[in-house]
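Keep your viewer open and try each task before reading its solution.

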Amino acid sequence: MKNLIKHKQVDKIYATGFICLLLRLLFTASNLIETVTIIDSGLLFIFIVAMIWILVNQRMTKGKAVIVVIIGMICVYSYYKVHYYYLITTFLCMAASKNINLKYTLKWSCKIKIVYLSIHVFLYIIISIIQPNLIQYVYRDGVRRHYFFVSHANTFSMYLMWTIFEYLYLKYDVITRKQILYIWFIDMCLNYFSDSSTNMIIVTIVLSLVALKKRYPKTEIKWVHFAVKYGYFFCSIFFCGITICYQYFNGILKVIYNFLDDLLTGRLIYGAYVYSNYGITLFGKILNFPEKIFWNGYWFDFVGCDNTYIWCMLCYGSIYLVILSILFFLVEKKLSDIELIITLAYILYSITENYVINAVFCFPIILLGHYMLQTKVKTRVKTENFILKKQVNKKSLYSNICIILNVWR
C-alpha cells in the first residue's frame, strides 16, 4: 500500500511539472494569450524542481545511473553551446519517467490541448467572419494557410496531430473504428485550411494501422517492429549521408535529390548549404546566417532545416542521433501495439519537423527513457511472481494430498 501511495505521489509530481512546461509553451505559441516573464520563469522553475525531485528520489542501478549522468552532462553542454533548452527538458522528462504512469500525465495534457485548440479554432472562425481584416495568413508557394492564432500553420498542425495521438494512446483499448473515422475526418477538415501535408499523411497512416489492429487484433505487423527498431538509425544515415554527399551528386543522383528536396519543400537544400559552410557538430553549435544568401544557384531569405536528422548533425549535435538510435533498438521489444504505431509516427515526423526533440509535445521519446530504466525492475517483478506462483502451487498440492488421505481413511 505504501508503494502504491508513493507511486501516485510521483505521478502527480511528474504531471505537475510536465503540465507547467506544456502551459508555458502553449502560452508562448498563442497569439491570443500574453504572459509576463515572471509567469514563464515560474512555470519553467516548477518543471525543473519537480523533475529533479523525482530524479533524486529515484532508484536505479549504478550502471544506469552513470549513463543518465553522462547523457545529462552532454545535454547541459549542448545547451551551453546552442542555447536550445528543449534538450535539457526532454532529458529530464525521459530520465524521471522510470516509475511514472505516463497515461496519468497524458490524460491532463490531452484535455488541456483539446480545450486550447478548440478555443483558438472557434475564435479564429468567429473573427474571420466578423473582422476578416484582422486575420493574417501564412503563405507557401502562393497557397494561403490558416494558422488559427497558433504562431504558425505548422505549429497548429503539430499540436493537433500529437493531441490525436495522445487520445489514441489513452483510448486504444476502447476506441471503435467509427470513432477512428470521425477523428480522421476532423483532422482532414482542419488540415484543409492549415495545408499541412505531413500531418495528413502521418495521421492517415497511424489511424489506418490502429483500425487494422482493431479489425484483426491477433495480426502482428512485423514491418512496424522492424521500422521502429532500425528506422531512426537508417533515417539518420540516409539524410546525413545525402547532405554530406550533395556536392558530389550529378546526373540521375542530382535529379533524385532535387525531387526529394521538392517533396520535402526545400528542407534538404538548407541542410546542404549549412553543411557546406559550417560542417558537422558532435555536441552542438550556434549557427548565424546573413539575411540574404545566394549559394549554388539558390536564394535563401532564411535558413531553417526542419529535418531532425540533418539538424541534429549540423546544430543540436550528432551525438543525439547515436543515443536515440541505440534507445530505439533496445526498447522496441518492450513497446505495446499502440506505442509501436505512435513511435513509428515519431520517426516519420522527424523527417519533416524538428519539434520532435521536445518531449512535452511528442511523447514517444519519453517511452524510450521509461522502458530503458524499467528493465531490471520488470525482470525482478516477473521472478517474484514466478516464485509466488510456485509457492501457491506447492500449497495446493499439499492440500490436495491431505484431502485424499482423509478420504482414504
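**Exercise 1.** The charged end of which residue sits over the ring of W108?

*Solution.* Before starting, note that this is a predicted model, in which local features need pLDDT of at least 70 and side-chain atom pairs count only at pLDDT 80 or more, while totals for chains, interfaces and linings use all residues. Residues are numbered from 1 along each chain as its sequence is written, and side-chain values use heavy atoms, with hydrogens and water left out.

Step 1: apply the rule, which asks for NZ of Lys or CZ of Arg within 6 Å of the ring centre and within 35 degrees of the ring normal. Step 2: at W108, the residue is K111, with its charged end 5.3 Å from the ring centre. Step 3: look also at Y172, where the charged end of K214 sits over the ring, 4.8 Å from its centre.

**Exercise 2.** How many aromatic pairs does a search of the whole structure find, and what is the geometry of W162 and F165?

*Solution.* Step 1: rings of Phe, Tyr and Trp (its six-membered ring) pair if their centres lie within 6.5 Å; planes under 30 degrees apart are stacked, over 60 edge-to-face, and the rest tilted. Step 2: the search gives 32 aromatic pairs. Step 3: the W162 and F165 ring centres are 5.1 Å apart with planes at 90°, so this pair is edge-to-face. Step 4: both residues belong to helix 6 (residues 153–171), three residues apart, about one turn of the helix; helices here are DSSP runs (H or I, at least four residues), numbered from the N terminus. Step 5: for contrast in geometry, take F226 and F234, whose centres are 6.3 Å apart and whose planes meet at 45°, so they are tilted. Step 6: ring pairs also link a cluster, with W162, F165 and Y169 among its members.

**Exercise 3.** Is W162 buried or exposed?

*Solution.* Step 1: buried means under 20% relative accessible area, exposed over 50%, and partly exposed in between (1.4 Å probe, protein chains only). Step 2: W162 has 0% relative accessibility, so it is buried. Step 3: F165, also at 0%, is buried. Step 4: F226 is partly exposed at 48%, and F234 is partly exposed at 44%.

**Exercise 4.** How many residues of helix 12 (residues 308–316) are buried?

*Solution.* Step 1: the count is nine of the nine, so helix 12 is largely enclosed by the rest of the structure. Step 2: the buried residues include W311 and M313. Step 3: just after helix 12, G317 has a positive phi of about 135°.

Conventions:
Helix = DSSP H or I, 4+ residues; strand = E, 2+ residues; numbered from the N terminus.
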